[in-house]
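Please look over the following model and its sequence before reading on. The briefing below covers fold, packing and surface.

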Amino acid sequence: MKRTFQSRISYKHYVLQAVLLLVVVCLYWMPLNRTVTGVLLAVLLTLMTIVTSRAINTCYVVHSEGFLEIRNGRFSKTRHIPLTDIQRIDKIHNGALILVLTDQTELFITPRNESDFIQCIKKYRS
């Protein structure tokens, strides 16, 4: 059995998207050089696609087999972390969690329901 937790989208994602969109519109309406403007527009639109995909498709899957799967969108690699490698889970004031692993690596995650996520980790860890 597995349990999936969606990621919380923060206001920073919306601000980043708005700034990127504003720059794209400004470049579109005030072109300096067609070649340079075209390359910049392509890069910015690709960056917007990656940021949107990462914000929408990020999820955390806790498997009953004893590992945590972190999916960071379609353009990123999926991480598999054994639940036994999680040393502790620290809450941050803004609703995010820090997973501290046994090799002292810290992972910053933002599940929508932090308390259920922590209970699910504890349940499948034992």
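What percentage of the 126 residues of the protein chain count as buried? The answer is 35%, where buried means under 20% relative accessible area with a 1.4 Å probe, protein chains only. This is a predicted model, in which local features need pLDDT of at least 70 and side-chain atom pairs count only at pLDDT 80 or more, while totals for chains, interfaces and linings use all residues. Residues are numbered from 1 along each chain as its sequence is written, and side-chain values use heavy atoms, with hydrogens and water left out.

**Fold and extent**
- The protein chain holds 3 helices and 7 strands, taken as DSSP runs (H or I of at least four residues for helices, E of at least two for strands) numbered from the N terminus.
- In sequence order these elements read β-α-α-β-β-β-β-β-β-α.
- The protein chain is more spread out than a compact globule, because its radius of gyration is 19 Å, well over the 14 Å that the globule rule gives for 126 residues; the radius is taken over C-alpha atoms, and the rule is 2.2 Å times the number of residues to the power 0.38.

**Contacts**
- Leaving aside residues up to four places away in sequence, Ile86 touches Leu68, Ile81, Leu99, Val100, Leu101, Ile121 and Arg125, a contact being heavy atoms within 4.5 Å.

Notes: Buried < 20%, exposed > 50% of the residue type's maximum accessible area, 1.4 Å probe, protein only.
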